[in-house]
Amino acid sequence: MIALSKKGSCSSQLCLALCAFGVALLRDVSQAVPMDDQDYYLQEISNRDHYYSFPYPGEEFFPFTEQPGEEGPIRAAETEEHRRFKPSRKELKAKKSNKKGKSILEAPPDCPPLGLETLKITDFQLHASTAKRYGLGAHRGRLNIQAGVNENDFYDGAWCAGRNDPYQWIEVDARRLTKFTGVITQGRNSLWSSNWVTSYRVLVSNDSHAWTAVRNESGDVIFEGNSEKEIPVLNMLPEPLVARYIRINPRSWFQEGSICMRLEILGCPLPDPNNYYHRRNEMTTTDNLDFKHHNYKEMRQLMKTVNKMCPNITRIYNIGKSNQGLKLYAVEISDNPGEHEVGEPEFRYIAGAHGNEVLGRELILLLMQFMCQEYLAGNPRIVHLIEDTRIHLLPSVNPDGYDKAYKAGSELGGWSLGRWTQDGIDINNNFPDLNSLLWESEDQKKSKRKVPNHHIPIPDWYLSENATVAVETRAIIAWMEKIPFVLGGNLQGGELVVAYPYDMVRSMWKTQDYTPTPDDHVFRWLAYSYASTHRLMTDARRRACHTEDFQKEDGTVNGASWHTVAGSINDFSYLHTNCFELSIYVGCDKYPHESELPEEWENNRESLIVFMEQVHRGIKGIVKDAHGKGIPNAVISVEGVNHDIRTGADGDYWRLLNPGEYVVAVKAEGYTTATKTCEVGYDMGATQCDFTISKTNLARIKEIMKKFGKQPMSLSIRRLRQRARQWRQQR
């Protein structure tokens with residue numbers, strides 16, 4: 001009996017402990033949920049798999065060793081760290097100016113974004129109370145995420161709660177203790193609806209069960225949210241809080257809409273050498289470069305520094321001015337800067353046509369530093385590239401737009417602030433539409449107006465002063481016509497893909513349609529050369545940035561099959577000059593935080609170099625006359641490819657081609673046509689394919705007559721004069 005009573009007492013104590021735990025859990029949940037909704041939310045919580053159920057290798061985690069009270073999650077983390085992370089002066093200023101929950105643009109946060117926008121935070125780290133449907137799930141609640149054109153698809157523009165009540169939430173699991181400092185919110189990106197949250201609470205937790213709201217002396221802090229759907233609003237926490245989880249609880253929303261949010265969390269992960277997940281995914285670089293965002297003055301100073309370090313291989317020049325009078329600076333890297341060397345191809349990178357797409361600008365600035373350092377260090381690959389190529393780097397095509405984005409900051413400019421020039425023009429699509437001229441000529445074969453398949457002239461209307469053309473665009477066109485570029489890449493942002501021409505669909509009734517150039521195979525190879533050497537573009541495991549999954553084409557896309565654009569820089573460059581140009585979208589985040597630059601550099605460094613090396617693929621040569629003098633403006637044709645190129649002022653040319661055997665013909669006014677077979681191998685290095693052509697008999701006669709001050713007489717005039725003499729003799 002005694003034994004039984006002891007056993008019974010132990011069992012009863014265990015039951016009481018379990019009941020107490022259950023009551024405590026119900027009490028925590030019921031504090032925020034009405035009685036009618038408790039069953040629904042308890043079911044939501046009980047069905048969720050917890051991350052601590054699957055510990056990472058080397059990580060031990062025992063969530064139920066203690067049962068903290070309401071304040072437990074914060075106090076447990078604060079005991080040692082709270083003293084270390086006192087608010088800085090900037091944070092105190094932000095706290096003072098944010099008493100009413102207003103957004104702060106003038107007080108940049110000390111802690112960087114966790115990475116919802118850059119996708120460092122995975123979909124598995126985002127949870128929500130409910131969702132209207134899958135396409136509006138928690139995984140879509142990322143700052144600046146863009147929706148598809150069609151509603152009700154898998155790729156919508158926010159997290160939207162399944163119900164409109166004050167008990168909804170979206171939660172981020174940082175997967176380690178983090179000092180949370182602020183929240184940035186947006187409404188839903190949509191062409192057809194208007195939805196945003198106007199106020200919200202912030203809660204934190206260490207175990208995703210016991211939650212503590214951000215409080216001040218008067219109670220829970222209610223943060224002011226958005227007043228429209230696109231402009232980001234930043235709210236700094238009254239003081240930093242240390243926890244693993246953070247939850248946003250909307251309290252009010254746009255009256256005619258519903259609960260929808262996009263967000264970014266600001267926070268500093270605390271040191272944790274035992275955290276396997278972060279040790280595995282952290283990216284570091286060994287390159288000693290200036291990883292920061294450079295305003296116009298700092299960009300100019302950096303160029304001077306690079307030029308001072310490597311004066312023998314660099315030159316700074318400008319191609320014109322912006323609408324606001326800022327010079328469009330470029331850096332040339334070559335073993336003979338300032339002059340075109342016969343037989344040496346010219347390459348260009350440009351960035352910043354959209355001023356708010358800042359990553360490309362910084363990558364070009366990093367590239368010029370890297371090439372200077374590696375050249376001085378004797379890196380044979382870089383030395384060979386510089387000695388055999390004339391490289392031009394133009395980091396900021398639209399400095400006026402960049403200035404607007406820079407003033408707002410990396411997270412607060414939204415999707416479009418600074419995209420256009422000062423006079424509201426999109427430079428990337430501001431070039432002459434030569435596609436339509438070419439296709440109309442091809443479709444109307446009997447037309448009197450014949451358009452060549454290359455070097456199509458710019459229409460007169462475009463050259464008039466009244467045409468809507470940005471001064472920056474005119475400067476780029478003059479630059480493109482002056483220098484015989486062979487290959488170029490324009491760096492853009494907001495996606496992770498390489499787009500190749502044509503960018504415009506041929507059919508006027510379609511908005512998306514694969515529209516290849518005659519050099520489609522070459523363009524596809526060029527695009528793949530960049531994408532395949534990028535750390536993420538061809539990674540089948542990576543998440544799509546917004547709405548498009550480019551994995552089926554290995555991180556590349558035909559521009560017209562993505563979205564049609566008339567007057568793109570790629571199409572214009574191909575049809576008006578010899579240069580093959582591609583658009584390289586270097587990251588999901590147009591304006592990443594400064595702390596992301598080292599990783600973005602590592603993602604793109606190899607690709608940037610490999611793409612430059614492709615300028616040496618195909619055939620090259622010099623077209624000369626019988627006296628060994630180069631013939632300018634000679635036409636180079638490849639059998640089976642309906643697109644020609646022309647020789648430069650010195651008679652040299654470069655024709656990008658994939659490996660294979662080609663029949664190449666050259667013709668020039670006043671010269672005989674010459675043909676030869678040229679073979680392109682798989683090894684890097686263009687095949688030398690020179691031509692020597694002779695003048696035609698008529699050209700020789702004209703040259704002789706001109707030399708002696710006479711002009712050759714046409715046959716018809718000669719016959720008329722002869723008949724006149726015969727008529728006079730008969731009289």
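# Hairpin, rings and backbone exceptions

Trainee: Which residue in the turn of the hairpin formed by strand 23 and strand 24 has a positive phi?
Mentor: Strand 23 and strand 24 form a hairpin with six residues between them. Helices (H or I, at least four residues) and strands (E, at least two) are DSSP runs, numbered from the N terminus. In the turn, the residue with a positive phi, about 90°, is G670.

Trainee: What kind of model is this?
Mentor: Residues are numbered from 1 along each chain as its sequence is written, and side-chain values use heavy atoms, with hydrogens and water left out. Local features need pLDDT of at least 70, side-chain atom pairs count only at pLDDT 80 or more, totals for chains, interfaces and linings use all residues, and the model is predicted.

Trainee: What is the bridge partner of G660 in strand 24?
Mentor: Strand 23 covers residues 660-667 and strand 24 covers residues 674-680; they run antiparallel and are joined by seven bridges. Two strands count as paired if DSSP finds at least two bridges between them. For G660, the partner in strand 24 is V680.

Trainee: What share of the residues of the protein chain counts as buried?
Mentor: The chain has 18 helices and 26 strands. Buried means under 20% relative accessible area, exposed over 50% and partly exposed in between (1.4 Å probe, protein chains only). Of the 731 residues, the buried share is 53%.

Trainee: Among contacts between residues at least 6 apart in sequence, what share joins residues at least 24 apart?
Mentor: A contact here means heavy atoms within 4.5 Å. Among the contacts in the protein chain between residues at least 6 apart, those joining residues at least 24 apart make up 76%.

Trainee: Is the ring pair of Y349 and F611 stacked or edge-to-face?
Mentor: Rings of Phe, Tyr and Trp (its six-membered ring) pair if their centres lie within 6.5 Å; planes under 30 degrees apart count as stacked, over 60 as edge-to-face and the rest as tilted. A search of the whole structure gives 23 aromatic pairs. For Y349 and F611 the centres are 6.1 Å apart and the planes stand at 25°, so this pair is stacked.

Trainee: How many residues apart are Y349 and F611?
Mentor: Y349 belongs to strand 13 (residues 346-351) and F611 to helix 16 (residues 597-613). Y349 is buried at 0% relative accessible area, and F611 is buried at 0% as well. The pair links distant parts of the chain, and the separation in residues is 262.

Trainee: Over the ring of which residue does the charged end of K676 sit?
Mentor: A charge sits over a ring if NZ of Lys or CZ of Arg is within 6 Å of the ring centre and within 35 degrees of the ring normal. The charged end of R474 lies over the ring of Y462, 5.9 Å from its centre. For K676 the distance to the ring centre is 5.1 Å, and the ring is that of F691.

Trainee: How many residues of helix 7 are buried?
Mentor: Helix 7 (residues 358-377) reaches 29 Å from its first C-alpha to its last, close to the 28 Å expected at 1.5 Å a residue; the expected span is 1.5 Å times one less than the number of residues. G378 follows helix 7 and has a positive phi near 80°. Helix 7 is largely enclosed by the rest of the structure, because the buried residues among its 20 number 15.

Trainee: What is the omega of the cis peptide bond that joins P501 and Y502?
Mentor: Y502 lies in the loop between strand 16 (495-500) and helix 13. Ring pairs link Y502 with W439, F523, Y574 and F580 in a cluster. The peptide bond between P501 and Y502 is cis, with an omega of about 5°.

Trainee: What is the relative accessibility of N144?
Mentor: Most residues other than glycine have a negative phi, and most peptide bonds are trans. N144, not a glycine, has a positive phi of about 65°. N144 is in the loop between strand 1 and strand 2 (159-160), and it counts as buried because its relative accessibility is 3%.

Trainee: How far apart are the C-alpha atoms of I645 and V666?
Mentor: I645 is in strand 21 (residues 641-646) and is buried at 1% relative accessibility. Leaving out residues up to four places away in sequence, I645 touches several residues, including H454, N578 and W654. I645 and V666 are 21 residues apart along the chain, and their C-alpha separation is 9.9 Å.
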